[in-house]
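Let's take a friendly walk through a protein chain, going from the big picture down to a single residue. Keep the view open as you read.

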Amino acid sequence: MLDLLKRFGYKPRQAVWELTLKCDMNCRHCGSRAGKARDDELTTPEALRLAKDLAKAGCKRLTLSGGEPLLREDWPLLCQTLISHGVRVNMISNGRKFNAKIAKRAKAFGLEGISFSLDGLEDTHTFIRRVKGHWKKVIENFDIAREAGLPAGAVTLIVRKTIDELEDIREILRQHKVRTWQLQLGNPSGNMVEHRDMVINPEDVLRLIPLAADLRKRKGYPKVYIGDNLGYFGEHETELRDQDGLIPFWIGCRAGCSVVGIESNGNIKGCLSLPSALNNIDAFVEGNIRQRPFQEIWDDPDKFAYNRKFKVEDLVGFCRTCEYAEVCRGGCSWTAFSHTGSRYEFLHCYHRLVELQKRGMLRTSEEVHGDAAAPASPVPEVETADDHAEADAG
């Protein structure tokens, strides 16, 4: 499969750009530990130059992310520049700053859509996001976007409590005519390192994947999309992948092959979710556009080696012996590394878990760690929105 990717050529066809690390929330699961802006974030001229360089390098789709992208004042200019150079642009936002004026403006200059994070029913979402009233604001945002003609989507980061809430979440999204809904696993990365009891156990995937496949098959809105860290290669695999695609199964992590992540200070990574300085890890930063032009970093044959120079022999554990090893290449790099410290072993693989279960080798987390691993965190008192705005401003 890597040979096939090489034949197509390594181009940054899809990008996720952290416009700023500044955020007006302090979520328990934030992988980037967002809050304050980085001290060295790109200036507007630097960001505009990068936008043009990305288009020139072959970027076709780009997601504006953060932090909270709406807190960067020049986001409309950057968005318009990308669109004018042929890049299809969407945004993911926590939605606190979103309103009808922003919706109409974004629609007018061609933003393809905006997605808001919705991480459970109201109690679960409030526990994760730590802001009272935010759940209702997100629901309101779906209606605001729709009324402006701006396609709206939801993104749900799945933690332990969320699995049992997915059916009810879908019904809420259906009622509000939300077009798309992306599901992805929450990982013990960033802030969630301190909240590991929120992270689903590998064996939970055995009930999550059939449910996700069933949600995918439902007609009407929302259309469900599965994140790259869910799957792989079990009986539901073709149902999980986009049926409009040429290859309806997982073809391995594309970080540094056709996907690129950009931090707000100009750091280039294969995937924005991969950890870096704020998590005391620099192994996945391939360079900075202040030192080298983007195209030069991307074309460097020694960069993104964990994917571009992959060998089956790099894999460990079950992944090393798996019949799909050459295609899968160890699953999602971010999820694998978050759980094991290795890019090359994926513990939450559906195929792996089914096979271990057939062999009588699947041990539950309670068997491995004891009952202490099972309970979810108690729900503490939640701060108000104003408390967080003041704390983050400091």
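This is a predicted model: local features need pLDDT of at least 70, side-chain atom pairs count only at pLDDT 80 or more; totals for chains, interfaces and linings use all residues.

The chain holds 17 helices and 10 strands. Here are some overall values:

| Feature of the chain | Value |
|---|---|
| Buried residues | 56% of the 394 residues |

What about contacts along the sequence? Take those between residues at least 6 apart: 72% of them join residues at least 24 apart.

Now zoom in on Asn-191. You'll find Asn-191 in the loop between β6 (180-185) and α8 (205-217). Is Asn-191 buried or exposed? Its relative accessibility is 12%, so Asn-191 counts as buried, given that buried means under 20%. Leaving aside residues up to four places away in sequence, Asn-191 touches Asn-26, Cys-27, Arg-28, His-29, Cys-30 and Arg-33. With Arg-33 there is also a side-chain link, a polar contact of 3.4 Å.

The loop that holds Asn-191 leads us to α8. How do α8 and α15 (residues 350-358) cross? Their axes come within 10 Å, at roughly 125°. That angle makes α8 oblique to α15. On the α8 side, Val-205, Leu-206, Ile-209 and Pro-210 make the contact, while α15 brings in Tyr-350, Leu-353, Val-354 and Gln-357. As for its hand, the crossing of the two helices is left-handed.

Definitions and conventions: Residues are numbered from 1 along each chain as its sequence is written. Side-chain values use heavy atoms; hydrogens and water are left out. Helices (H or I, at least four residues) and strands (E, at least two) are DSSP runs, numbered from the N terminus. Buried means under 20% relative accessible area, exposed over 50%, partly exposed in between (1.4 Å probe, protein chains only). Contact means heavy atoms within 4.5 Å. A polar contact is a pair of N or O atoms within 3.5 Å; within protein, one must be able to donate a hydrogen and the other to accept it, and residues adjacent in sequence count only if both atoms are side-chain atoms. Axes are lines fitted to C-alpha atoms, for helices over the stretch in contact, and angles run from 0 to 180 degrees between N-to-C directions. Angles under 35 degrees count as roughly parallel, over 145 as roughly antiparallel, 65 to 115 as roughly perpendicular and the rest as oblique. A crossing is left-handed if the near helix is turned anticlockwise from the far one by less than a right angle, and right-handed if clockwise.
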